[in-house]
Amino acid sequence: MLQKFRENWVRPALFFGNNPISLAGGAITTASGVTMIAYWLMEFFGRPNDNPYLGLIFFLLLPALFIAGLALIPVGVIVRRRKLQKAGQIPAEFPKIDFNDHIFRHGVDIVLAATIVNLLVVSVASYRGASYMDSPQFCGQSCHVMHPEYTAYKISAHSHVACVDCHIGSGAQAYFSAKVNGTKQLLEVTFDRYPTPIPSPVESLRPARYTCEGCHTPARFIGEKLLVKSAFADDEKNTETQSVVVLHLGGRDSLSHLTGIHGVHLGHIEYVATDPTRTSIPWVQKRNEDGSETVFTTLPAGSGVPQGERRVMDCIDCHNRAAHTFVTAEDALNRAMAEGAVSPDLPWIHKKSMELLKANYASEAEASVKIPAELVAFYRSEHPEVLAAKAALVKAAGDQLVVLYSQNVFPFMKVTWGTHPNHIGHMDYPGCFRCHDGNHAAKDGTSITQDCSACHNLLVVDEAKPKVLTDLGIQ
Ligand code: HEC
Ligand code: HEC
Ligand code: HEC
Ligand code: HEC
Ligand code: HEC
């Protein structure tokens, strides 16, 4: 049998394989294979390198070359065979393989060994390539279009959760459709046809039960959550006030009752949004415990179900910015001042910082030069004594403002303050009030509640040095 195999396959293959295309293919495959193996060894013994462009080369480009080289070998064989066939030059018998010729024998051994190594390389490379494409480095860094989302992700509670855990979830079908979608987006980026900013919501995002709920148990009883927020005024002293809110987050309590913000929404509320950002929600349907359904709508009686996107409410309808929270300029500055990174001891710092954060800059680079420079210029001309006494605080404030700006504004992607609304709450964006506006009425005249105390206890709203914080030992 071995003899036959040699006669019918090895000899013709060697004969036809001796052509420039196949030889070039062999050379490309060998060169990229050796480079990849060298890189893997280096990575194994050395430090991992998370430069995304190296990843592009070693996990995608080289494997592609490797496979292209392999594919060239049979292509060359076929081309040469065709050519010879046309010219009627195919020999009746292929040149004899002389196994006594030791050079030739070694040649065959090398080809066999190379084939085994090649198979190994292909399997390792495809595994590495696939896992590289799933890494946050690939998703977030190799493509500048993702810069805003990646920046917000790096400073979020989810900075150690891979993009694919939320954006794709598990399962072969999800993986496949994500790659089809991804290829389309890659083409858009290659040909500069991508939208700016990248639109939200992500329509193809899978339901939260396949993603978020892989890590978070939806009915975990969280109970009450205390929220303390500071705000600073635009006066000379940057007067600080605080709000203290107890949110009724609830969940499934010890008696298995679903309660509070987390308990009441999940799995049994559907809605229709009539705009692409899911802000206009004229129709909401709730399935009651007895199986009946209640429809709350802002439309006149008898209008029926409006045209639009119909969704079952899940985590993402409130936590739409779970890994990519862009805050408002007010929030960003209030937080930085509460932490002292922008010192409230600098007179007028709140008013001036707000102005600088909200001004227009052509690029992040321009902002990072202009913001600190203009802050110093402001104190130099208006309050030179402050600059003289607190130069270090002014510098730290300028640097921190640049950080706040670069975490939230991305001129090249047209992402600025407020571009991506956050649905948690109702102060800056409609959020909960998309439904809880008091206008969504059922047939019996009840409406989705706007009662402040249904969602929270407002212990204190905008008070200076509230006593309750002293009582709690927080202040
Ligand atoms: C914890 C879950 C989670 C992780 C991890 C995550 N995302 Fe997202 N991402 C979301 C959600 C939720 C949305 C908003 C979806 C919506 O509103 O429909 C979103 C939206 C986006 C959008 C659309 C534009 C926008 O800002 O809304 C992009 C682009 C994006 N994510 C990229 C990434 C990249 C890149 C990574 C990894 C570096 C990543 N995401 C990691 C949950 C996640
Ligand atoms: C792979 C696991 C994983 C997945 C998937 C995941 N999370 Fe998380 N999430 C975590 C961990 C871990 C933390 C806690 C991080 C910490 O406290 O530092 C967290 C924290 C949070 C928090 C509280 C912190 C904050 O940012 O306010 C929220 C809210 C949250 N997740 C919502 C979601 C939502 C919504 C999704 C789906 C879009 C999701 N998570 C998907 C692991 C995950
Ligand atoms: C009706 C809106 C809504 C839905 C739906 C919702 N959440 Fe929340 N969730 C909230 C609010 C409001 C908070 C408190 C926000 C804050 O801390 O500022 C919160 C807080 C959280 C926290 C932080 C809890 C803590 O101890 O600080 C986690 C984790 C979380 N949600 C996960 C989820 C997951 C997972 C889902 C889906 C199964 C979900 N949420 C669905 C509104 C919602
Ligand atoms: C898509 C519409 C929708 C959105 C958005 C929404 N809810 Fe609701 N919510 C409902 C419906 C419907 C009910 C049930 C009303 C009823 O049974 O009377 C409800 C009930 C509640 C209840 C129970 C009220 C009660 O009287 O016991 C709370 C608390 C609540 N929601 C909090 C929130 C919070 C907080 C947010 C924003 C983070 C939010 N909801 C966003 C539709 C929504
Ligand atoms: C449907 C639920 C819901 C209703 C009704 C509601 N709120 Fe809220 N409210 C929230 C949530 C959720 C937050 C927390 C937002 C966050 O995590 O930042 C909040 C936060 C606040 C804050 C904190 C300050 C801030 O800057 O975030 C104030 C003040 C407030 N609400 C006032 C009110 C008042 C006044 C009413 C009654 C007219 C009301 N809310 C009705 C859900 C609700």
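Modeller: Start with a helix. K370 and E366 both lie in helix 13, residues 364–382, where they sit four residues apart, about one turn of the helix. Keep in mind that this is a predicted model.

Colleague: What makes K370 and E366 a salt bridge?

Modeller: The N to O distance between their side chains is 3.3 Å. The cut-off is 4 Å between a side-chain nitrogen of Lys or Arg and a carboxyl oxygen of Asp or Glu. The pair K370 and E366 therefore counts as a salt bridge.

Colleague: Why are K370 and E366 called partly exposed?

Modeller: K370 has a relative accessible area of 37%, and E366 has 26%.

Colleague: How many salt bridges does the structure hold?

Modeller: Nine. One of them joins K352 and E355, with the closest N and O atoms 3.1 Å apart. These two are three residues apart in helix 12, so about one helical turn separates them.

Colleague: How do you know whether K352 is buried or exposed?

Modeller: Its relative accessible area is 14%. Buried means under 20%, so K352 is buried.

Colleague: Which pair links distant parts of the chain by a salt bridge?

Modeller: R310 and E270, whose closest N and O atoms are 2.8 Å apart. R310 is in strand 7 and E270 in strand 4, 40 residues apart. R310 is partly exposed at 43%, and E270 is partly exposed at 24%. There is also a network of salt bridges, which links R311, D314 and D317.

Colleague: Now the metal. Why is the site of the iron atom of ligand 1 called octahedral?

Modeller: The iron atom has six donor atoms, with angles of 88 to 180 degrees among them. Six donors count as octahedral if opposite donors are over 155 degrees apart and all others lie between 65 and 115. The site is classed as octahedral on that test. Ideal angles for six octahedral donors are 90 or 180 degrees.

Colleague: What coordinates the iron atom from the protein side chains?

Modeller: H167 and H324, each through NE2, at 1.9 to 2.0 Å. Donors must lie within 2.8 Å of the metal, so both histidines qualify. H167 is in helix 7 and H324 is in the loop between helix 10 and helix 11, 157 residues apart. H324 counts as buried at 17%, whereas H167 is partly exposed at 38%.

Colleague: Which element gives the most to the shell around ligand 4?

Modeller: Helix 9, with three residues. The shell residues divide into 13 nonpolar, four polar and two charged.

Conventions:
Residues are numbered from 1 along each chain as its sequence is written. Chains are lettered from A and ligands numbered from 1 in the order in which they are written. This is a predicted model: local features need pLDDT of at least 70, side-chain atom pairs count only at pLDDT 80 or more; totals for chains, interfaces and linings use all residues. Side-chain values use heavy atoms; hydrogens and water are left out. Donors are N, O and S atoms within 2.8 Å of the metal (3.2 Å for Na, K and Ca); water is not among the atoms, so sites may look incomplete. Four donors count as tetrahedral if all angles lie between 85 and 135 degrees; four count as square planar and six as octahedral if opposite donors are over 155 degrees apart and all others between 65 and 115; anything else is irregular. Buried means under 20% relative accessible area, exposed over 50%, partly exposed in between (1.4 Å probe, protein chains only). Ala, Val, Leu, Ile, Met, Phe, Trp, Tyr, Cys and Pro count as nonpolar, Asp, Glu, Lys and Arg as charged, and the others, Gly among them, as polar.
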